[in-house]
Amino acid sequence: MEQPGYTKLQPNLDTIFAALADPTRRAILSRLVEGQASVNEIAAPFKMSQPAVSRHLKVLERAGLIERDVDEQRRPARLKAEQMAAAVDWLNDFKAFWGASFDQLDSVLFNMKRAKGKEADNE
Amino acid sequence: MSEIPEYRLERIFNAPRDMVWRAWTDPELLHRWYGPGVETIIHKFDLRPGGAWLNEMKWGDNADFSKMVFQEVTQPEKLVWHHSSTDADWNITANARMPDWPRVLLTTVTFEDMGDKTNVLLTQIPMDATDAEIACFAEMMAGMDQGWGSGYAIMDELFVELQVEGGHDE
């Protein structure tokens, strides 16, 4: 049964975070936020050869973080934000779950204590 | 894989142990705090070894179902349950958003009496997990402790920029 609200994307955390673990690849992603870019354009600010940049792009592409045009000669790369968003949402959900629940438990306990205090006053 | 990764969360609550125990084991109280910022509906809460807690969380048009089967209930010290994602009919399923997430997490909560305070320690470890599940869980735990901080930071940054660019209106 398909549950509501679930995305069909199945991001692989391992691949995504391995891709993000590298500062150059993070810089490439930052660059792509400004818009799509060719290998040449991406390589320009880095002291790096085009093949090296291409290798980084491959890692990002495999992780589903970017996509590249197959039709055009220059094969510009662009961000695929949905994939990232799905993975990050999920990680954040888990990270937040118990912590935020414990925060709420704090206030439930506070109210329980206050209610108990009132009872004691009425006795 | 030999080492089973573990999730740990420990917090001292400013309430006596009996009260904290009640907040965890009375569904009327439990549904008020379990699940962050969601509507929590407890469909069944059978507090005894082998008994089930059937939980639904709702937010917007979304719903999330989970089933907890109690293994140990030692009032007021300890609760142990098997924690699983389910479909709407309470059948255990793989996590739709994270297929390699462990199907069953052995969850242990201990309540330590500190007079007018209570120290609560919650741990979760994968149960009867495949290598892929253990790896996925380990990855998450590593990400929570350290290492992926920069990954989160860059993503947060990217999302902010993307949202600005996309010009989403509230």
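## Packing and confidence in a predicted model

Leaving aside its neighbours within four places in sequence, A:Leu32 makes contact in this predicted model with A:Ala37, A:Ile66, A:Ala77, A:Arg78 and A:Leu79. A second, separate core, of 13 residues, includes B:Phe13, B:Trp21, B:Ala23 and B:Trp33.

A:Leu32 also belongs to the largest nonpolar core, which has 17 residues. Together with A:Ile16, A:Ala19, A:Leu60, A:Leu65 and A:Ile66, A:Leu32 touches the most other members of that core. The elements of chain A listed below each supply at least two residues of this core.

| Element of chain A | Residue range |
|---|---|
| Helix 1 | 13-20 |
| Helix 2 | 23-33 |
| Helix 3 | 39-43 |
| Helix 4 | 50-62 |
| Strand 2 | 77-79 |

Helix 1 of chain A gives the most to the core, namely four residues. In soluble globular proteins, nonpolar side chains tend to be buried together.

Chain A as a whole contains five helices and two strands, arranged along the sequence as α-α-α-α-β-β-α. Of its 123 residues, 27% are buried. Among contacts in chain A between residues at least 6 apart in sequence, 52% join residues at least 24 apart.

Turning to confidence, the model scores ipTM 0.82 and pTM 0.70. Chain B has a mean pLDDT of 85, with 81% of its residues at 70 or more. Over residues 166-170 of chain B, however, the pLDDT is below 50; beyond near neighbours in sequence, this stretch has one contact in the model. Where pLDDT is low, the predicted coordinates should not be read in detail.

Note on methods
Residues are numbered from 1 along each chain as its sequence is written. Chains are lettered from A and ligands numbered from 1 in the order in which they are written. This is a predicted model: local features need pLDDT of at least 70, side-chain atom pairs count only at pLDDT 80 or more; totals for chains, interfaces and linings use all residues. pLDDT is the predictor's confidence in each residue, from 0 to 100. Two residues are in contact if their C-beta atoms, placed from the backbone, lie within 7 Å. A residue is buried if 20 or more other C-beta atoms lie within 10 Å of its own, exposed if 12 or fewer, and partly exposed in between; C-beta atoms are placed from the backbone. A nonpolar core is a set of buried Ala, Val, Leu, Ile, Met, Phe, Trp, Tyr and Cys residues joined through C-beta atoms within 7 Å.
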